[in-house]
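Please look over the sequence and the model together before reading on. The paragraphs below move from the meaning of the terms to individual residues and then to the aromatic rings.

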Amino acid sequence: MPELPEVETVKRGLEPSFTHAKIISVKQNRPDLRFPFPENFQSRLTGREIIGLGRRAKYLLIHLDNDETIISHLGMSGSWRIENTTLGSYYHETNKLAAHDHFEMDIRTPNGEFLHAVYNDPRRFGFMLLTKTTELEHHKLLAHLGPEPTGNGLSGAYLNEVLHNRKAPLKAALLDQSIIAGLGNIYVCEALWRSHLSPKRKSSTLGAKSAAAQKKSAILAQNIRDVINEAIEAGGSSLRDYVHADGSLGYFQHRFSVYDREGEPCPECGKAIKRIVQSGRSSFYCTHCQR
């Protein structure tokens with residue numbers, strides 16, 4: 001499933017085309033994705049101006065000029081692409097089957113360029129919702145999210161406080177979206193390795209008031225921030241279906257230190273990386289370096 005860096009990369013890829021573009025027409029090629037499309041979706045979007053894009057956790061936010069926002073989730077295989085209809089050709093070639101093009105918009109940019117935006121989703125686990133922009137922070141999908149991993153809200157002091165008395169394994173706690181918004185399996189594995197912390201460690205050990213626990217919390221917060229920022233800079237990690245808005249691939253997967261490297265040598269100590277399953281998710285770590 002695309003994680004936060006992938007969604008942020010898609011947002012940045014769409015911004016030049018979407019910002020202040022007018023929606024000329026909308027086409028739904030099926031009634032639903034994971035959920036039904038919003039009622040009267042086509043008519044509610046047609047004629048609107050896209051005033052900006054945002055992201056909260058793993059949700060792409062498309063803000064319209066009538067105080068409504070599209071909440072777009074990519075699910076497991078969703079992707080956006082832009083085609084240039086002014087020139088009669090694609091900006092970038094795509095290998096996505098047109099049969100999975102479930103949602104399309106014709107838009108006109110401020111400089112008069114006509115573009116065709118397409119949402120493709122073979123597995124249809126993604127979705128689009130429409131809500132009042134002023135009510136976004138209270139939306140049921142967003143209201144209980146924790147701080148962004150790249151924002152000022154994530155700090156060693158915050159982790160030390162929020163992990164106090166938590167009995168869950170550290171890996172499970174970091175995947176809890178109410179603790180940190182948008183942090184997913186890949187980047188938790190990488191941040192824990194950089195921090196020399198085992199995914200099996202009790203969360204409460206970082207919530208103690210000792211100087212050692214506070215130091216570990218500070219190191220982990222910084223490594224979470226660093227690994228997310230580096231992944232965004234690299235364009236995310238292309239696993240299975242994920243591609244950028246321009247059809248290109250991300251490259252952070254070439255920097256993985258432990259994720260999906262079971263049996264390979266740890267970059268730090270050379271011992272074999274181990275894989276275990278926690279709450280149905282694979283955890284990759286070095287038993288020698290991570291305690």
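A residue is called buried when its relative accessible area is under 20%, exposed when it is over 50%, and partly exposed in between, with a 1.4 Å probe and protein chains only. By that rule C189, at 3% relative accessibility, counts as buried. The model discussed here is predicted, so local features need pLDDT of at least 70 and side-chain atom pairs count only at pLDDT 80 or more, whereas totals for chains, interfaces and linings use all residues. Residues are numbered from 1 along each chain as its sequence is written, and side-chain values use heavy atoms, with hydrogens and water left out.

The cysteines can be taken next. A disulfide is here a pair of cysteine sulfur atoms within 2.5 Å, and a search of the whole structure finds 0 of them. C286 is accordingly in no disulfide, and the nearest cysteine sulfur, that of C269, is 3.5 Å away. C286 is also buried, because its relative accessible area is 0%.

Secondary structure is named from DSSP runs numbered from the N terminus, helices being H or I over at least four residues and strands being E over at least two. H100 is placed in the loop between β6 (89-90) and β7 (101-108), and R166 in the loop between α3 (156-162) and α4 (170-175). H100 is partly exposed because its relative accessible area is 24%, and R166 is partly exposed with a value of 30%. If contact means heavy atoms within 4.5 Å, and residues up to four places away in sequence are not counted, H100 touches Y119, N120, D121 and P122, while R166 touches D176, I179, S203 and S204. The unreviewed UniProt entry also carries the annotation "domain: FPG-type" over residues 257-291, a stretch that is 0% helix and 29% strand, with its end C-alpha atoms 16 Å apart.

R81 lies in strand β5 (residues 79-84) and is buried, with a relative accessible area of 11%. A polar contact is a pair of N or O atoms within 3.5 Å; within protein, one must be able to donate a hydrogen and the other to accept it, and residues adjacent in sequence count only if both atoms are side-chain atoms. The side chain of R81 makes such a contact of 3.0 Å with that of E83, and another of 2.7 Å with that of D101.

Aromatic rings come last. Rings of Phe, Tyr and Trp (its six-membered ring) pair if their centres lie within 6.5 Å, and planes under 30 degrees apart count as stacked, over 60 as edge-to-face and the rest as tilted. The count comes to 10 aromatic pairs. One of them is the tilted pair of F35 and F127, at 5.0 Å centre to centre and 45° between the planes. F35 is partly exposed at 34% relative accessible area, whereas F127 is buried at 2%. F18, F37, F41, W80, F103 and Y119 form one aromatic cluster.

Notes
UniProt positions renumbered as here; feature names shortened; annotations may be inferred.
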